[in-house]
Amino acid sequence: MPTTNRRVLTLDEFTIREMRAFPQATGELSGLLRDIGLAAKRINVEVNKAGLVDILGDAGKQNVQGEDVKKLDEFANDQMVGVLRHGISCAGIASEELSDFVPFEDKISSQSKYVCMFDPLDGSSNIDVNVSIGTIFSVYRRVTECGIPVTVKDFLQPGNRIVASGYVIYGSSTILVYATKRGVNGFTLDPSIGEFCLSHPDIRCPENGNIYSINHGNFFSFSEGLKKYVELCQTRDKSNGGPYTQRYIGSMVSDVHRGLIKGGIFMYPPTAAKPQGKLRLLYECNPLAYLIEKAGGRATDSKQRILDKVPTKLHERTGFFIGSTKMMDELESFLKEDEEKK
Ligand code: P6P
């Protein structure tokens, strides 16, 4: 009786194969990525149970066993900090959930050459309505010397110094997508073996698309150029590929992932409520910008390349436009009008 033994690479096997391609590699980056995969599996279990909150107890209360139930983003943050602190590949972290960075001062961790920044659970406000949410992460080489505790300088680096970045989407299936200089690959969690398996090798972002993603509720605070671009998306004729479809999940990892796979553009401009922008440069925008560029797409803040922005504080926010190059070209031609009118 033939057995269906699909030979797929697990995340661990893939990272080890990647490491073998670089004989001089120490294996630290591969180890760090495997640590993140472990945290993602643990977060996935709790996220999938969230629908049972009445049985498990609501966040901030006690469950039937009398145990304190943590808010899911606090739980996710604990998982990410825990695996990275107890691994051998990370000298410290910065998290959207924490006001300041955290140095790992034990002897082994402080010798590591990498630091990690992450949003442990982006879109967590959607979890009680069963909308996909995600973890977003990025890895940098530290700029301070190995062996001493990291400082804030190790975290205030521009995104163009990223070594690896990616995200996990806890949705209809759980997928981990990450990028290095060698490209972008996606791994879907196979619950039957508890491993992330290579499902989307060498992902390329289509250079064009017909889906635009923006919160129309903020329309009247958009710049004139952005309003014109949105109206073009809605009115272009069929001969010019239009009108476009509008999709907005309210969970950025899902909206950006759709654009990565199908082509499209996601836009979160500064608004009246958030004049500096809502999204975080370090924890959300840089990782996704690095990944989309490695897949052939583009990301700006409307004026400059996201990866070239030099952060001045850990929780800095920015306007964010990311997606297929041809759609970004067209958007930028309208946003340029705003600049010329100033
Ligand atoms: P709004 C989720 O809170 C998030 O940070 C992103 O994942 C998402 O794209 C955005 O905010 C949604 O914001 O203002 O449209 O609800």
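**Where two domains meet**

**View 1. The E96–R280 salt bridge.** E96 forms a salt bridge with R280, their closest N and O atoms lying 3.8 Å apart. The term means a side-chain nitrogen of Lys or Arg within 4 Å of a carboxyl oxygen of Asp or Glu. Between domain 1 and domain 2 the count is 1 salt bridge. This is a predicted model: local features need pLDDT of at least 70, side-chain atom pairs count only at pLDDT 80 or more, and totals for chains, interfaces and linings use all residues. Residues are numbered from 1 along each chain as its sequence is written, and side-chain values use heavy atoms, with hydrogens and water left out.

**View 2. The two domains.** Domain 1 spans 11-200 and domain 2 spans 211-341; the bounds come from an automatic or database domain assignment. Their C-alpha centres lie 25 Å apart. In contact (heavy atoms within 4.5 Å) are 43 residues of domain 1 and 30 residues of domain 2.

**View 3. The buried area.** About 2,600 Å² is buried between domain 1 and domain 2. This is the accessible area (1.4 Å probe) that two parts lose on being put together, summed over both. Carbon and sulfur atoms give 65% of the buried area. In domain 1, E96, L156 and Y167 lose the most area to domain 2. Together they account for 22% of what that side buries.
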